[in-house]
Amino acid sequence: MPTAVLTDHERTAVQAYLRLLQTVRATLDGPSAAGRPPVVPPAALAEAESALAAAGLTGNEEAFFRLLHTWCPEV
């Protein structure tokens, strides 16, 4: 159970990252298309980047991953 109290923007950033992570995992685990590399939908990347920017975490990956680990240690 999460113990950190996140701001709305931080929570949105964590949720967007987790959705992106799930999308990437599904893409990599899915069937490959005739030797083509897996493609992550640009919308998933854009959502995560936008959420990080709104939370003031762009360019501060260390702070974001510390926040993520505090809120969701199994990731």
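Start by selecting T70, which counts as partly exposed at 37% relative accessibility. Partly exposed lies between buried (under 20% relative accessible area) and exposed (over 50%), with a 1.4 Å probe and protein chains only. The model is predicted, so local features need pLDDT of at least 70 and side-chain atom pairs count only at pLDDT 80 or more, while totals for chains, interfaces and linings use all residues. Residues are numbered from 1 along each chain as its sequence is written, and side-chain values use heavy atoms, without hydrogens and water.

T70 sits in helix α3.

**The whole chain**

Zoom out. The chain has 3 helices and 0 strands, and its elements run α-α-α from the N terminus. Helices (H or I, at least four residues) and strands (E, at least two) are DSSP runs, numbered from the N terminus. The C-alpha trace spans about 45 × 25 × 20 Å along its principal axes. Of the 75 residues in the chain, 27% are buried. Among contacts (heavy atoms within 4.5 Å) with a separation of 6 or more, 68% join residues 24 or more positions apart.

**α1 against α3**

Select residues 8–29 for α1 and residues 61–71 for α3. The two helices pack at an angle of about 85 degrees, and their axes are 11 Å apart. Axes are lines fitted to C-alpha atoms, for helices over the stretch in contact, and angles run from 0 to 180 degrees between N-to-C directions. α1 and α3 are therefore roughly perpendicular, a label for angles of 65 to 115 degrees (under 35 is roughly parallel, over 145 roughly antiparallel, the rest oblique).

Next, show the side chains at this contact. From α1 come E10, A13, V14, Y17 and L18, and they meet F64, F65, L67, L68 and W71 of α3. By class, the contact has 9 nonpolar, no polar and 1 charged residues. Here Ala, Val, Leu, Ile, Met, Phe, Trp, Tyr, Cys and Pro count as nonpolar, Asp, Glu, Lys and Arg as charged, and the others, including Gly, as polar.

**The rings**

The structure holds 3 aromatic pairs. Select Y17 and F65: their ring centres are 5.6 Å apart and their planes stand at 85 degrees, so this pair is edge-to-face. Rings of Phe, Tyr and Trp (its six-membered ring) pair if their centres lie within 6.5 Å; planes over 60 degrees apart are edge-to-face, under 30 stacked and the rest tilted. Because Y17 belongs to α1 and F65 to α3, the pair ties together parts 48 residues apart in sequence.

F64 and F65 form another edge-to-face pair, at 5.3 Å centre to centre and 70 degrees between the planes. Which residues do the ring pairs link into a cluster? They are Y17, F64 and F65. Colour by accessibility: F64 is buried at 4%, whereas F65 is partly exposed at 39%.

**The buried face of α3**

Keep F64 and select the other buried residues of α3, which are A63, L67, L68 and W71. Look down the axis of α3: the buried residues fall within an arc of 135 degrees, so they line one face of the helix. The arc is that of the directions from the helix axis to the C-beta atoms. These buried residues pack against α1 and α2 (42–54).

**Last stop**

Finish at Q22 in α1, which counts as exposed at 54% relative accessibility.
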